[in-house]
Structure formats: structure tokens, C-alpha cells
Amino acid sequence: MRNGDAMYILPNPSHPQPGMCARPAAAVQMWGHPLRLRKPLKRVGQRGEGKFQEVDWDTALNEAAAKLKEVADRYGPQAIAFTRHDHLSWHLPLIASLMGTPNVIGHEGTCHDASTAARQAVLGAGGPPAVDPDYANLNYLILVGRNLDAAMGSVRALARAREAGAKIVVVDPRAPNIAFSSVEWIPIVPGTDAAFLLSMINVIIGEGLYDAAFLKGYTNAPMLIKPDGSPLTQSDLGQQGSAYLVFDAAANGVKPLGSAADPALDYEGDVETPSGSVHVKTAFRLLAERAAKYPPDKAVQITGVPADTITRIAREFATRRGVVEDGWYAAKNGNEFDVYRSILILNALVGNIDKRGGLCFQEPAKFPNSCTPGADRIDTILGASLPPLKAKRVDLLKYPLAVSSFDALLDAVLTGQPYPIKALIIVGTAPFHRDVNTGKLKEALRRLDLVITIDIFPQDHVDWSDYVFPDLMFLERSEVSSAPWTLDAAVVYSNKVLDPPPGVDARHALWTLLELVRRAWPDKAALIGYTDKYADYSQFEQYEDLMFGKILDYLSKAWNISREELEAALKTRGFYLLKKKSYGAKPYKSKLSTPTGLVEIYSLTALKYGLDPLPDWTPPPAYSQPKAPNEFYLVTGKDQNVSGHFVFTYDSKYLTDRCVWMNPADAERLGVGDGDIVTLEGIDNGFTAKACVKVTNRVRPGVLFTYAFAGGHASALVDGGYDFLRSGVNPQWFAKGYVAPVIGTAGTNSAVRVRL
Amino acid sequence: MTRLAFLWDQSRCISCGACIAACNAANYGSSTAPNVSWNWLRTNIRRIELSNGPRPMLYLLQCQHCENPPCVAVCPTGASYRDRDGLVKINYDLCIGCRYCMVACPYDARWFNESMWAPVKCMGEECQARIAKGEQPVCVVVCPAGARDFGDLDDPSSSISRRLAESRYVKLLDNMGTRPKYFVVVGP
């Protein structure tokens, strides 16, 4: 909205994911922010000092491109790596493929890595948007360690369910913002979610509250498992074929999975094989035995949640056919793979998968990729094909079930294994606030041959960069994508509404990256039609239009819709609805992409990678257990008033506190008052820093909480009235740097000692 | 008669800050000047957390558009007045910046705007312009949780009247005789 010179942002209520929170509401402050990166910068001091000179775009791009080429020529193109958050995540694979490197390594290792690995293992589904609760229609929602996002529409959808009387349960050591509303908040001991959830499973199975028909028909719960943990197959019986087997109660004998008239759920027995008798149990019975380790009266000792609360929540959840949210920004304690598998199993136990008000699969929007790797070539959205990449991503070589593990990239920088990484391009993300192991990050940034940053604000790593390129913020560029946070299939488009403010010579990050490619490898850029002509930045919108046109072509063909209608709708309304959610598709009418095609209560993917096929609770490996009276868990997280960029705004000075939350009982015991300054000492790494205490009932006794991304900003470029960015602590300073094997999820929580 | 009023649903509010920031953006041009009176940003909505009780509690405080407003009673120039639409407003042609109104308000709902050298409060200029056009104030439009409403109490078909009819609600400091029209819904 415009009111003379003033501007403000309102949500689009008809949008498929209509939303708002403080962050977009304050976007105009972000646009005209005095700390915005204004000109390309070239480092003149040591890495980490934050000493720069402003240089013109040509000089910066030519020098950076020459250095990139030098790295590629000397070590091979795979020595170039990118890290990103979500900005440009659609384009970066194309840029990297042009350069010849597979190494686009995102933020997921400290975000949704574990929940995505769990969705993959149990549901054969991908990242967070692939599966989501049907917020608008649910009846009972359990949020485990999750603060719901308001800007992305979930809260507005949930408001409809709340109107109709839905209950919300929040399981979290700290009360996220949503716990101010009428919810039941269960302040659990950090790192014990899996024990709580397995205890719920114990109650639901013990009291027979599960949906047996769903488990028999659409999950691998009836699958027979041998004592070594592997499933019984036809070949074990000396038969033709390799089908998994179940016990058919109707036939009183084993049958291939999916062909029994009445597959037994809770069964064990002996099966005769050519090599002797084998004692088998159903996956369901193994799950029941596993959950039996955590009856509510034992789980209370681990979780701190009263036994009758666990029992009551389990009964309410099962009888009201609830849904447990399937996880997003959740890399906290290192044991989250088990948490999210338990969550998905709970949803399956009550049969609430892909039903109205249940945990649902998103309708795919069939949105194209910027490039698609094939066996002998990479196809691009622009038509031309590129040669295939030779190397495999450094992080996936170490963590095969990860989405991304930035820590593995640091290892490659520091050890040269599995192969050296020499250049890092950091696009719109904040590694120091995002990732565990600050010391290792600094050492890696020191050792790299080249560090390039593209951003709008001076995040800490800017000080460690050789070249810094100022980027556009979202109001200054047009953007098209599939609509991630709705169950419907939709495409969304945001129109460019502003130019950068006077004095800010920022340019589209995609242009910066394509210019780096063109200046280093003009022939490669030419393959996708990116020619010298676009060196003139004023011509770049034509190239954006070209790409946009290719996306429109693809979608109009994929959906058989008019290209003109699609384009007009996107540009005027900001979205195009392709298909409304229809329930009951997966796993009822079509198979899942799990090894069995079913919901895998017993995960064959986990088994394949040497992990426990069933979830269990393990004490959090990410930090030492606090023991002494002045030792605490330090829990971290976000909320609607925190993001890597929003925290720079003036509004954030007041809307985002940069204190460390302490329960009133702990404060009284230690003699700490609200606003007092204390010293925090990392129990695992000895790091110390001062922090302001906020005494609040929003955190469980024995636990401290502080927002991620908000406090402890350290860039030398932060000045003026924005010193508040330096206050508080960056919780990553205290993190031990634990990364879970195979899954690659890091632990951002830690344990600290409080000194007065 | 018209009696415009605000509803804030405490049982639904998730403290996302959208209303607070949007008020700043729409009514104060995304100002980054301080609000010294409240040690807060330039917005007409304050966030109060009760941190010591049995559970976390939140209040969003703003002008209550009282039917018996103390700020109007004490104003020496008649600048503060209750309009025919039921809203409490300030006529800046008459305001001398004496701040009696700020002191008199039991809700501390006014803050001093140094740029104007005058007290300000809900609703700001842009929101007044919006309601004159038949639109809702920005705080209501941006709320993702459906926790806000605004409208005419004397119109039984208005959204606010219907919501109040089916909700439990409280009025703040009702015992002070201010007859506030900021309804805090605490549940269905």
C-alpha cells in the first residue's frame, strides 16, 4: 500500500498461503536500512577484521571471477562450493552445474535435516512442504518443538480449525509465542521428545487405541522380522522371488506383504526355512516392545512430564484422531531422527494420513527445476544441456541421508577429505548464526583460497569475505516459485515494487552469479544464452523474463493451461491455483516412495544405512548433561519475531529480546534478577560470554532459552544506532559441534554454566 | 448511533508482532525514531508479558476508545475529543502538547511524538483514513491468527458484535468508570 511517500505491506487474503507477522510488516525498514550493503566490497585487512574498500562492480566481478577460475583450474571445479538458506535455492544448482561443481550445501543440517530424513524413511516424502498437517481442518494438533510460522499461512489456516474447537498441545522446553494463546503447553526436558512420543505409542498400543485396519493395509507393521533385524523374505524360505512376508491369520501361514487376506499385526512365531526354524515377530510387535521401554511412569523420569499427562495426551490424541506436526527447524539435540520417526509413526497409528484434518501429502505443483541431472548430461530449464558432474557432494559422501551438512564442507576445507574445497560462495545466509562449531568455521574461513558473499546485511561472515556483493531484498525483485506452505498445488509470484533506495548500488544475486560465470567461463554462460549483452545490468530483466517464460512454458504444458492466463494471474493476483488438495491419494491409491511402498513403521532405509529400524530415545549426544545447580541446558530457536534479516530492523530492537530466559524458580535460587548480567560458560567448549537475563515463566526450570540469529552480532560493519545487534549471545558459540552420523543433523542446543 | 470498538482475542493471539509492526509502518512511515514514552517502537500497540504467573500471559494494550475517556475530561483545550463514531481522537490544531491526557490515561495508551511535539495514540492518521474508506485498521487486516476485530457495537450484524455475543470477554480497568471499548476475549 502506498500513502504518498509512505509504504506499508498488507497480506493478500485470497493467496493460497496468506500470512503476516512482524517480519514482513517491518520490511520497509529493511529496504531503507542504514546497514544495507551498498557497494561491492573488497577485503583489505585480514580475514575476520572486516576491513574493506568499496570497489566498482566491474573490478569486483573481474577479480572474483579470475580467482574462481584459478581455483577450478588448479583443483578442479568441485573445489568451489556454495552455501545458501532458501534465497536462490532454485537457481543455484544451475549456477553450480555451469561451474562444474555439485557442492551446493544448504542450511538444512541445522534446520530440517532430521525431519526430512524421517519423512523420507517413513513416508518416502521429501522436505517440510511435502507433508503437512491439514491445519484448516484438524481437530487436535501436537506441536513438538515447533513454533508455527505466521507469514507462510499456517497460522491463518489453523485459525479456522481453532474456530471450530481444535485443541493445540505444545511440547517444548520453552513456550513459543503460540503458547500465549489457549493451548496446553507441556514444558518437557530438552532432548527427551522421543521418550515422550514413544510413551504415547506405548499407551496407544497398550489400550488398543490404534487404527488396525490402516496399519494392516497401508503400513509395513505386519511385516515379519527375523532376529537379526532384517525382514523375512521369500528367498529365506527357498521360494522364488524376494517379497517381504507377513503372517496371514486367514490362511494360517505366511504370505507376501500385500497379498494376505488378514495380515496379523501383533504376532510372533517360528517359520521353517531350508536352514532351520527362525523365530520371527511382526514389526508392530517390535514397535510395541520398543515402546514398552517407556511406559508413562518411566517416561516421567526422563521427560519430566507427569505420567498422567502423557497418558491423557495419548488418549486425547488417539480418540480425537489428532495430528502431530512433522517437523521443520529442529536441529537441536542430535537425536531428532528418532523424534520425527516417532511422530510419523504416531500419525500412522491413528490412521490419520492423507485424510481431511490429518497429516497430508501436498498436491505436487509440477514446478520445473532449473536443471535436472541425467546419466550423461544435465538438462536445463533454458533448453541447452550441460555436461554431467564428475564429483559427488562432499557432505553426502559423509552423511548419505542428509539434505545438507555444512559441517562436512568445513571438514573438506580443513582436511582435504574426501577432496579439497577451496572457494566458498555464501548466498543470503548467516553461517556464524546458523551453524554449530564457531571455531571450526573461523579456521575454515581462514584457510579457504576465496570467500565470496552475496547478501543485503553485514552478517558476521561478511568480515571474513574477500569480496562482498550487495543483493536486492525481496521487494526489489520479481520471484516465482511453487507455493510451499499449502496442501494445494499452486504457483506464487511476487512483483518487484521498489528499486533499491538512493545510495544502495545493489544488484540481483542471480546477475552477480551469472556474471561470475560469464567472466570466468564465457563459453559456459553462452550455453544457456547468457551473453556479453547482460554485462550491462540494465539488460538483465530481459534474461529474467526469458527464464520466467521458460517456467511458464513448462507449467502451461504440464497442466495443460493457457500460458497467457497463467502469466496474467501471477502478475495481477500473485498466484495461480493449479489443483485443490484431494484427500485419500497416498498411500491408498498410489504407493509411497519407501522401499515397501507403504508407510514404514519399521524403516528399511534406516536398516540399510546401519541405523536402528525403529525409533528409540537416546540421551542427547549434542551436549553434556547439566548436573550442578548452576548448570543449565541452553535451548535455542526462532519465532515469528526472529529471522536472520528481520533481526537487523529497528522494530526488532524491541520485538526480539536478546536476553537469556531463566525460570523464576532458578532465578530466585541463584539470586539473579530480571535484567541482571551473568556470564555463561559452555560446559563442552569452555567458551564464555556475558548475557542479560530475562526472568520468565516461558521456560522450564533448569533450562535457559535464547533466540537463534538475534544476539551477538559481531561484524565490524554494524554501527550507528544498531549496536543492539551486538548485545546478547549467539547460542552457536556454546554448541559442541555434534553432527549425527548418516543423517547429518547438528545439535544447536548446548549446556552452560551460569556465573554471577 | 455508531460506537466503533476494538476486539482483541487473547485466547487466539500468538504474539507474532504483525499488528505492532504494521501500525508503525502504516501510521508512522516505518519510523526508526524512538518512542521514548514507552521505550518501544513508534506504534500505538504495546506488548505486555506477565512472566511470573502460573502460565505465560500476554496483553496487547492500546487506546480503549473509552465512552467516558479521562483524557478528554482533562484536556485543557478541547483537542482530545470523543467523535460521533465513538472513537477518541485528537484535534492537533488545538493540541498544545501539555501531556495532561497522557498522565490521565489509566491505560498509558498515549505516547509523546517528538517529531510532532504532541501526544499520539490509536488510531493513527492512516488507519483513520482507511476506516473513512470503509476499510479495517491495519492491525486487524494483518493479524494472521484472527485475533483482532473492529467495528460498530450498535450494529448487531457487525463482525465484532457477533463475536462478542458468542465469547467470554473482559474490559480492562472497567472499575475506573472509563467504559472502555477494547474488548479482551478470553475464550469461546
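In strand E31 of chain A, Phe705(A) is the bridge partner of Trp661(A). That pair is a handy place to start looking around this two-chain structure, which is a predicted model.

As a reminder, strands of a sheet pair through backbone hydrogen bonds, either parallel or antiparallel.

**The two chains side by side**

| Property | Chain A | Chain B |
|---|---|---|
| Helices and strands | 23 helices, 32 strands | six helices, 10 strands |
| C-alpha span along principal axes | roughly 80 × 65 × 55 Å | about 45 × 40 × 35 Å |
| Buried residues | 59% of 756 residues | 45% of 188 residues |
| Contacts at separation 6 or more that join residues at least 24 apart | 70% | 56% |

How does the radius of gyration of chain A sit with that of a compact globule? A compact globule with 756 residues would have a radius of gyration near 27 Å, and the 26 Å of chain A agrees with that. Chain B, with its six helices and 10 strands, has a radius of gyration of 16 Å, close to the 16 Å that the globule rule gives for 188 residues, so chain B is as compact as a globular protein of that length.

**A one-sided helix in chain A**

Helix H16 of chain A covers residues 438–447, and its buried residues are Thr438(A), Leu441(A), Ala444(A) and Leu445(A). These residues cover an arc of only 125° around the axis, which puts them on the same side of H16(A).

**A covered strand in chain B**

Over in chain B, take a look at strand E1, residues 4–9: six of its six residues are buried. Both faces of E1(B) are covered, with Leu4(B), Phe6(B) and Trp8(B) on one side and Ala5(B), Leu7(B) and Asp9(B) on the other.

E1(B) also pairs with two strands that you can pick out in the model. With strand E8(B), residues 148–152, E1(B) pairs in the antiparallel sense over five bridges; there, Leu4(B) stands opposite Asp152(B). With strand E10(B), residues 182–187, E1(B) runs parallel, and four bridges join the two. In that pairing, Val185(B) of E10(B) is the bridge partner of Asp9(B).

**Where the chains meet**

Now for the contact between the chains: 33 residues of chain B are in contact with 38 residues of chain A. On the chain B side, helix H1 (18–27) and helix H5 (138–142) each supply at least two of the residues that touch chain A. H1(B) gives the largest share of that side, seven residues. Sorted by class, the side of chain B that touches chain A has 18 nonpolar, 12 polar and three charged residues.

Most residues other than glycine have a negative phi, and most peptide bonds are trans. A few spots in this model go the other way.

Chain A has a cis peptide bond between Gln417(A) and Pro418(A), with omega about -5°. Pro418(A) sits in the loop between H14(A) and strand E21(A), residues 423–427. The bond from Lys586(A) to Pro587(A) is cis too, with omega near -5°, and Pro587(A) lies in the loop between strand E26 (575–579) and helix H21 (604–608) of chain A.

As for positive phi, Arg321(A) has a value near 50° and is found in the loop between helix H11 (307–319) and strand E16 (323–324) of chain A. Arg321(A) counts as partly exposed, because it has 17 C-beta neighbours inside 10 Å. In chain B, phi of Arg99(B) is near 75°. Arg99(B) is in the loop between strand E5 (88–90) and helix H3 (100–104) of chain B, and with 14 C-beta neighbours inside 10 Å Arg99(B) counts as partly exposed.

Conventions
Residues are numbered from 1 along each chain as its sequence is written. Chains are lettered from A and ligands numbered from 1 in the order in which they are written. This is a predicted model: local features need pLDDT of at least 70, side-chain atom pairs count only at pLDDT 80 or more; totals for chains, interfaces and linings use all residues. The radius of gyration is taken over C-alpha atoms; the globule rule is 2.2 Å times the number of residues to the power 0.38. A residue is buried if 20 or more other C-beta atoms lie within 10 Å of its own, exposed if 12 or fewer, and partly exposed in between; C-beta atoms are placed from the backbone. Two residues are in contact if their C-beta atoms, placed from the backbone, lie within 7 Å. The arc is that of the directions from the helix axis to the C-beta atoms. Two strands pair if DSSP finds at least two bridges between them. Ala, Val, Leu, Ile, Met, Phe, Trp, Tyr, Cys and Pro count as nonpolar, Asp, Glu, Lys and Arg as charged, and the others, Gly among them, as polar.
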